[in-house]
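Biologist: Let's talk about aromatic rings. Please show me the model first.

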Amino acid sequence: MSQQNEFDPLFEEMKSAELSDSAKRDSLAGIQRRLSRKRPHFIPSLVSGIAAVAVIAFLVLFASNSAMFENISSGGAGEDQLVFTGSSENWEIEYVVLYQEGEREKDVATLTYIGEGNPPETIDYEVGSSSGTNNSLNEENSLVITSQGAGLKLHESQENGAVISWEGKSESFLLTREE
(Lines give C-alpha, C1' and ligand atoms only; values in the text may rest on other atoms or scores of the structure.)
Protein backbone atom coordinates (compact mmCIF):
# COMPACT_ATOMS: atom_id res chain seq x y z
CA MET A 1 0.00 0.00 0.00
CA SER A 2 1.36 3.43 -0.91
CA GLN A 3 2.00 6.11 1.65
CA GLN A 4 -0.65 8.38 0.15
CA ASN A 5 -3.30 5.69 0.48
CA GLU A 6 -2.43 5.29 4.18
CA PHE A 7 -3.04 8.98 4.87
CA ASP A 8 -6.32 9.30 2.96
CA PRO A 9 -8.45 7.72 5.69
CA LEU A 10 -6.71 9.91 8.31
CA PHE A 11 -7.50 13.07 6.37
CA GLU A 12 -11.11 12.00 5.95
CA GLU A 13 -11.35 11.42 9.70
CA MET A 14 -9.76 14.83 10.45
CA LYS A 15 -12.24 16.60 8.18
CA SER A 16 -15.15 15.23 10.08
CA ALA A 17 -13.65 15.94 13.52
CA GLU A 18 -15.21 18.75 15.49
CA LEU A 19 -12.94 21.49 16.81
CA SER A 20 -13.42 22.73 20.34
CA ASP A 21 -14.59 26.30 20.83
CA SER A 22 -11.14 27.37 22.09
CA ALA A 23 -9.45 25.81 19.04
CA LYS A 24 -11.86 27.67 16.75
CA ARG A 25 -11.13 30.97 18.53
CA ASP A 26 -7.37 30.37 18.37
CA SER A 27 -7.56 29.55 14.66
CA LEU A 28 -9.69 32.61 13.94
CA ALA A 29 -7.34 34.88 15.97
CA GLY A 30 -4.34 33.52 14.04
CA ILE A 31 -6.03 34.20 10.71
CA GLN A 32 -6.95 37.74 11.82
CA ARG A 33 -3.34 38.40 12.94
CA ARG A 34 -2.01 37.28 9.57
CA LEU A 35 -4.53 39.43 7.73
CA SER A 36 -3.83 42.50 9.87
CA ARG A 37 -0.11 42.38 9.05
CA LYS A 38 0.43 44.75 6.16
CA ARG A 39 2.70 43.45 3.52
CA PRO A 40 4.72 46.01 1.61
CA HIS A 41 3.24 46.35 -1.84
CA PHE A 42 5.43 46.68 -4.90
CA ILE A 43 3.79 49.78 -6.43
CA PRO A 44 3.97 52.09 -3.36
CA SER A 45 7.58 51.02 -2.79
CA LEU A 46 8.42 51.76 -6.41
CA VAL A 47 6.70 55.15 -6.31
CA SER A 48 8.47 56.19 -3.10
CA GLY A 49 11.79 55.08 -4.59
CA ILE A 50 11.20 57.11 -7.75
CA ALA A 51 10.16 60.12 -5.66
CA ALA A 52 13.35 59.88 -3.60
CA VAL A 53 15.49 59.72 -6.75
CA ALA A 54 13.63 62.70 -8.24
CA VAL A 55 14.16 64.79 -5.10
CA ILE A 56 17.88 63.95 -5.04
CA ALA A 57 18.23 64.75 -8.75
CA PHE A 58 16.42 68.07 -8.27
CA LEU A 59 18.66 69.02 -5.35
CA VAL A 60 21.83 68.14 -7.27
CA LEU A 61 20.71 70.12 -10.33
CA PHE A 62 19.61 73.08 -8.21
CA ALA A 63 22.92 73.12 -6.34
CA SER A 64 24.96 72.91 -9.54
CA ASN A 65 22.89 75.62 -11.25
CA SER A 66 23.13 77.87 -8.20
CA ALA A 67 26.89 77.48 -8.27
CA MET A 68 26.89 78.20 -12.02
CA PHE A 69 24.81 81.37 -11.59
CA GLU A 70 26.99 82.45 -8.67
CA ASN A 71 30.11 82.00 -10.82
CA ILE A 72 28.63 84.07 -13.62
CA SER A 73 27.43 86.90 -11.40
CA SER A 74 30.42 87.09 -9.06
CA GLY A 75 33.24 86.24 -11.37
CA GLY A 76 33.56 82.73 -9.91
CA ALA A 77 36.68 80.71 -9.38
CA GLY A 78 39.21 81.07 -12.15
CA GLU A 79 37.54 84.17 -13.62
CA ASP A 80 38.05 87.88 -13.34
CA GLN A 81 35.08 90.12 -13.93
CA LEU A 82 35.06 93.83 -14.60
CA VAL A 83 31.83 95.85 -14.63
CA PHE A 84 31.66 99.26 -16.27
CA THR A 85 28.59 101.51 -16.16
CA GLY A 86 27.67 104.87 -17.54
CA SER A 87 24.71 106.94 -18.60
CA SER A 88 23.81 109.98 -20.61
CA GLU A 89 20.65 111.98 -21.11
CA ASN A 90 19.02 109.21 -23.17
CA TRP A 91 21.03 106.04 -22.56
CA GLU A 92 22.25 103.81 -19.78
CA ILE A 93 24.91 101.13 -20.32
CA GLU A 94 26.23 98.24 -18.26
CA TYR A 95 29.31 96.60 -19.77
CA VAL A 96 30.61 93.37 -18.17
CA VAL A 97 33.91 91.80 -19.18
CA LEU A 98 34.66 88.22 -18.07
CA TYR A 99 38.16 86.78 -18.29
CA GLN A 100 38.30 83.03 -17.83
CA GLU A 101 41.60 81.27 -17.20
CA GLY A 102 42.93 79.78 -20.40
CA GLU A 103 39.93 81.00 -22.38
CA ARG A 104 38.97 84.00 -24.40
CA GLU A 105 37.20 86.98 -22.90
CA LYS A 106 33.45 87.38 -23.01
CA ASP A 107 31.81 90.82 -23.07
CA VAL A 108 28.15 91.51 -22.32
CA ALA A 109 26.85 95.03 -22.80
CA THR A 110 23.29 96.14 -22.10
CA LEU A 111 22.23 99.43 -23.70
CA THR A 112 18.93 100.81 -22.37
CA TYR A 113 17.00 103.80 -23.70
CA ILE A 114 15.99 106.03 -20.75
CA GLY A 115 15.06 109.16 -22.72
CA GLU A 116 11.65 110.72 -22.93
CA GLY A 117 9.26 109.81 -25.69
CA ASN A 118 9.28 106.77 -27.93
CA PRO A 119 12.52 104.83 -28.22
CA PRO A 120 14.27 104.83 -31.58
CA GLU A 121 13.52 102.03 -34.04
CA THR A 122 17.21 101.33 -34.74
CA ILE A 123 20.53 102.43 -33.27
CA ASP A 124 24.23 102.30 -34.08
CA TYR A 125 26.68 101.76 -31.23
CA GLU A 126 30.33 101.50 -30.25
CA VAL A 127 30.86 100.10 -26.77
CA GLY A 128 34.23 98.78 -25.62
CA SER A 129 35.46 96.49 -28.35
CA SER A 130 31.97 95.97 -29.87
CA SER A 131 30.17 97.95 -32.54
CA GLY A 132 27.03 97.52 -34.62
CA THR A 133 24.62 99.29 -36.93
CA ASN A 134 20.85 99.21 -37.45
CA ASN A 135 20.10 97.29 -34.25
CA SER A 136 16.55 97.14 -32.85
CA LEU A 137 15.69 97.44 -29.16
CA ASN A 138 13.67 94.76 -27.35
CA GLU A 139 10.37 95.32 -25.50
CA GLU A 140 12.28 96.65 -22.46
CA ASN A 141 13.85 99.33 -24.69
CA SER A 142 17.21 97.55 -24.39
CA LEU A 143 19.79 95.97 -26.62
CA VAL A 144 21.94 93.16 -25.19
CA ILE A 145 25.25 92.63 -26.97
CA THR A 146 27.49 89.65 -26.33
CA SER A 147 30.87 89.14 -27.89
CA GLN A 148 33.85 86.93 -27.38
CA GLY A 149 37.40 87.90 -28.21
CA ALA A 150 41.01 87.68 -27.27
CA GLY A 151 41.25 91.30 -26.18
CA LEU A 152 43.74 92.66 -23.71
CA LYS A 153 42.73 92.59 -20.07
CA LEU A 154 41.56 96.02 -18.95
CA HIS A 155 43.24 97.65 -15.98
CA GLU A 156 41.22 98.69 -12.95
CA SER A 157 41.63 102.41 -13.66
CA GLN A 158 40.82 102.15 -17.37
CA GLU A 159 37.65 103.67 -18.71
CA ASN A 160 35.75 102.58 -21.80
CA GLY A 161 34.12 104.90 -24.27
CA ALA A 162 30.63 104.49 -25.65
CA VAL A 163 28.94 106.14 -28.60
CA ILE A 164 25.28 105.63 -29.49
CA SER A 165 23.73 107.14 -32.63
CA TRP A 166 20.06 107.15 -33.63
CA GLU A 167 17.73 109.22 -35.83
CA GLY A 168 20.40 111.85 -36.61
CA LYS A 169 21.38 112.18 -32.91
CA SER A 170 24.51 110.94 -31.16
CA GLU A 171 25.70 110.70 -27.55
CA SER A 172 29.22 109.87 -26.35
CA PHE A 173 30.14 109.11 -22.75
CA LEU A 174 32.56 107.20 -20.56
CA LEU A 175 31.87 103.94 -18.79
CA THR A 176 33.62 103.77 -15.43
CA ARG A 177 34.53 100.67 -13.51
CA GLU A 178 32.35 99.73 -10.54
CA GLU A 179 33.92 98.27 -7.44
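Modeller: Here is a definition to start with. Rings of Phe, Tyr and Trp (its six-membered ring) pair if their centres lie within 6.5 Å. The model is predicted.

Biologist: How many aromatic pairs does the structure hold?

Modeller: Ring centres must lie within 6.5 Å to count. By that rule, the number of aromatic pairs in the structure is three.

Biologist: Is the pair of phenylalanine 84 and tyrosine 95 stacked, edge-to-face or tilted?

Modeller: The ring centres of phenylalanine 84 and tyrosine 95 are 6.3 Å apart. Planes under 30 degrees apart count as stacked, and over 60 as edge-to-face. The planes here are at 45 degrees, so the pair is tilted.

Biologist: How many residues apart in sequence are the parts that this pair ties together?

Modeller: Phenylalanine 84 lies in strand S1, residues 79–87. Tyrosine 95 lies in strand S2, residues 91–100. So the parts tied together are apart in sequence by eleven residues.

Biologist: Is phenylalanine 84 buried or exposed?

Modeller: Buried means under 20% relative accessible area. Phenylalanine 84 has 0%, so the word is buried.

Biologist: What kind of pair do tryptophan 91 and tyrosine 113 form?

Modeller: The centres of these two rings are 5.2 Å apart. Over 60 degrees between planes counts as edge-to-face. The planes of tryptophan 91 and tyrosine 113 are at 70 degrees, so the pair is edge-to-face.

Biologist: Which strands hold tryptophan 91 and tyrosine 113?

Modeller: This pair links distant parts of the chain, 22 residues apart. Tryptophan 91 is in strand S2, and tyrosine 113 is in strand S3.

Biologist: Which residues do ring pairs link into a cluster?

Modeller: Tryptophan 91 and tyrosine 113 pair with each other. The cluster linked by ring pairs is Trp91, Tyr113 and Trp166.

Key:
Residues are numbered from 1 along each chain as its sequence is written. This is a predicted model: local features need pLDDT of at least 70, side-chain atom pairs count only at pLDDT 80 or more; totals for chains, interfaces and linings use all residues. Side-chain values use heavy atoms; hydrogens and water are left out. Helices (H or I, at least four residues) and strands (E, at least two) are DSSP runs, numbered from the N terminus. Buried means under 20% relative accessible area, exposed over 50%, partly exposed in between (1.4 Å probe, protein chains only).
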